[in-house]
Amino acid sequence: MGRQILINDLDKEGVNTLSGYKAIGGYTAIEKALKMKPEEIVEEVKKSGLRGRGGAGFPAGMKWSFIAKPPGVPRYLVCNADESEPGTFKDRFLMEKKPHILIEGMIISSFALGANTSYIYIRGEMMYVFHILEKAIQEAYDAGYLGKNILGSGYDLDLHVHCGGGAYICGEETGLIESLEGKRGNPRIKPPFPAVVGLYGCPTVVNNVETLANVPWIVNNSGDEYAKIGIGKSTGTKLISASGHINKPGVYEIELGVPVEEFIFSDKYCGGIRNGKKLKAVVAGGSSVPILPTELILKTAKGEPRLMSYESLSDGGFQTGTMLGSGGFIVMDEDTSIVKNLWNFTRFYHHESCGQCSPCREGTGWMEKVLHKFIEGHAQTKDIDLLWDIQRKIEGKTICPLGEAAAWPVAAAIRHFRSEFEEYVHQGKNMIDVKHYYRLNNLQEA
Amino acid sequence: MAKVTIDGKSIEVPDGTTILNAARMIGGDIVPPAMCYYSKLKTSGGYCRTCLVKVAQGSAKDPRPMPKPVPSCRQTVMDGMVVENITSPEIVEARAGVVEFLLLNHPLDCPICDQAGECHLQDLGYEHGKMKTRYEFKRREFEKIDIGDKIKLHMTRCILCYRCVKVADQLCSCRNHGVMNRGDVAEISTYIENVVDKDMSGNMIDVCPVGALTDKTFRFKSRVWFTKPVDAHRTCDKCCGKVRLWYKGEEVLRVTARKDKYGEVEDWICNSCRFDHKKTSDWVIEGASHIDHHSVISANHYETGKALENLKSDIERHQKQLKENKFALGQGAMNPNNV
């Protein structure tokens, strides 16, 4: 336990430059990969069990093997760096500190997929990371890792960085492709999937930054070696962006399978809840995954300790489980208002809905308005049932997963914290500001 | 060929047919409603989610059900597919939910809306919706913008079906309107006060399922159920020239394309036919139009019994008079008082 393959060596001088990255063993995988056959690389990635780090956790090797290969049609690799999930900031960190690991991963992956042009689609707000990447790509061109005839292998690759406008929806792969083509970032209706009809109508693979950054290590050390890291089908390491009421917020690289309890309380990772408070709830994988109360996040419903892995976190389905998602680990202490927090999340989804399909367009706004009634202190008990009904009518009825992302937090909050909603109903206007309410009544904060 | 079973009724359809079109081939009440799909517009559909169906069996080869409801207008059939539409309580509920969402911010200004009586959202709400809304907040409003002298845009009524965008893309020489903004403030608009005036752009009025795009030359002239549809044609070098004239008394109040029973136009017509030829003398009358779908217009029975006889004699007399260069269309079916 505790191996790191992505953000180790960050303390070394100049790992964000080409020479610094080479000094820690960078760009060796390219030389090895270019001597391999593309199919062999795909096979290695399949063997490694590497799963998509963007949130869905789909096996990356499988995704690569789905790409259609009609003759005479170009193929594209697109790196999804539009990290916008509230609570997730791992890709930004990785690109900022070690841009070359992504570039190296992209060169190998493009070679494996037979793509001669690849794109990094980066979120508009991260302008400074855009400049870092531009600089790193120029360095790679100058060193002959990009451009025509890379390292004398006869393989050509051009890598471009494209800056998005800062829309959450452009992190959805087909929305991203539309945006990259210069259109409105509206997700497409699937099928056809991007592996068949993607960017400019050509077969395309869209992968997360972290997924691609794992590829050089797999090529260097073989897929079997990678599969030994982690636990079960959750192989490898995962970057976790820990935030919220913890002593040490930040990006941590964990080996999948670390117990959640250890992750929150050990000094190696989050370092416990700040100010000596108690843990109340955790959103384990970015704002869109279901929130879990203390008893369910530390132990599964069966009483087993919960681990930081795809399987263990989703144990029990949505009734008693959640998802690893993109690794945005938001910890809330006992003072947090779940209702206020949920309102904030829902406000985000309302703002970011693209407006294409009706359940999401109308439903997210409606949920936000109903939740705001709770905050303002004039909600009724029937509003809790109304919220439940709205989320049920959005979930699974939309074009892209944004509808689900908006519905799941609402469902989970009501499922696990219904009493808190009822408290808001009963207390009415008193709940406008909780702390204010406690102060007025000379009560101890519970 | 693929064999597909929808609500227990089987049909063989060519490969690549969508579930919705297969259901339309079977016909009857198993046809899912469609607010954004338009068979004559490429890439339309998938947005409104009213046509969601449950796929209980994916295909004969892979009998697993699909995990989520699928939009029947975009999902193509597979051999051996089993689809549940009105037989699935889950789908009926989901559809009621979608109708509620569509009506959530709709102003429900039917009493002053020109589309009332031939509005698809009215029909949808009547057939699949609930009696009452649970929405208690202020409804969304948009500022009115002027998009030209022929078409009136009333964005507050829009359900963002994207049909008018596809009309401009596929029929007009250039598109100068589109969807601006996102989420629930997304709106159809022209970019910086542009004018929608390209030829064929009038078809946007016909494809609009609600009263968001209406004919300015017909605005507030009459309720549609007081007008009588008559099929007519003329020789036109830009379009097929086959239209439907809507009479009130002797006057042609508006000209539209002919629509089939799913409310889709049979042939596109040009702006000149639609807006500039509003005299009976411009047209060769074919006879009373038949309206397939149940509608408040056909409820007037303008094409049966005495009314039909009146109409026939009217048209005969009218055409005779046309030859003699006289216009008179006083008595008969054209006059609402005679029905």
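Predicted model: local features only at pLDDT ≥ 70, side-chain atom pairs only at ≥ 80, totals over all residues.
**Entry 1: salt bridges**

I started with A:K228, which forms a salt bridge with A:E225, the closest N and O atoms being 3.4 Å apart. My cut-off for a salt bridge: a side-chain nitrogen of Lys or Arg within 4 Å of a carboxyl oxygen of Asp or Glu. The two residues sit three apart in helix α11 (residues 223–228) of chain A, so about one helical turn separates them. A:K228 is exposed at 58% relative accessible area, while A:E225 is partly exposed at 29%. I call a residue buried under 20% relative accessible area, exposed over 50%, and partly exposed in between (1.4 Å probe, protein chains only). Helices (H or I, at least four residues) and strands (E, at least two) are DSSP runs, numbered from the N terminus.

Residues are numbered from 1 along each chain as its sequence is written, chains are lettered from A and ligands numbered from 1 in the order in which they are written, and side-chain values use heavy atoms, with hydrogens and water left out.

Next I checked A:E362 and A:R361, whose side chains meet in a salt bridge at 3.1 Å, N to O. A:E362 counts as buried at 4% relative accessibility, and A:R361 is buried too, at 2%.

In chain B I looked up B:D231 and B:R258, which pair at 3.9 Å, N to O. B:D231 lies in strand β10 and B:R258 in the loop between β12 (251–257) and α6 (271–276) of chain B, so this pair ties together parts that are 27 residues apart in sequence. B:D231 is buried at 13% relative accessibility, and B:R258 is buried at 10%.

I also found a network: salt bridges with shared partners join A:D389, A:R392, A:K393, B:E93, B:E100 and B:R134. Over all chains, the search of the whole structure gives 49 salt bridges.

**Entry 2: where A meets B**

How many residues of chain B are in contact with chain A? I get 34 from chain B against 35 from chain A, with contact meaning heavy atoms within 4.5 Å. The two chains bury about 2900 Å² between them, 52% of it on carbon and sulfur atoms. In chain B, the residues that lose the most area to chain A are B:F101, B:R134 and B:R182, together 25% of what that side buries. Buried area here is the accessible area (1.4 Å probe) that two parts lose on being put together, summed over both.

Six salt bridges are counted between chain B and chain A. I looked up the pair A:E404 and B:K68, whose side chains meet at 3.3 Å, N to O.

**Entry 3: helix α19(A)**

I then found a kink of about 90° in α19(A), centred on A:F417. The bend at a residue is the angle between axes fitted to the seven residues ending there and the seven starting there.

Of the 26 residues of α19(A), 19 are buried, so the helix is largely enclosed by the rest of the structure. Just after α19(A), A:G428 takes a positive phi of about 55°.

Strand β8 (residues 250–255) of chain A is mostly covered, with six of its six residues buried. I checked both faces: A:G250, A:Y252 and A:I254 are buried on one side, and A:V251, A:E253 and A:E255 on the other.

Six bridges join strand β7 (residues 237–244) of chain A to β8(A), and the two run antiparallel. Strands pair if DSSP finds at least two bridges between them. A:S241 has A:V251 as its bridge partner in β8(A). The hairpin from β7(A) to β8(A) goes through five residues.

**Entry 4: two single residues**

I looked up A:L176 in helix α8 (residues 173–180) of chain A. Buried or exposed? A:L176 is buried, at 0% relative accessible area. Not counting residues up to four places away in sequence, A:L176 touches A:V78, A:N80, A:Y121 and A:C170.

Leaving aside neighbours within four places in sequence, B:K238 is in contact with B:D199, B:C270 and B:S272.
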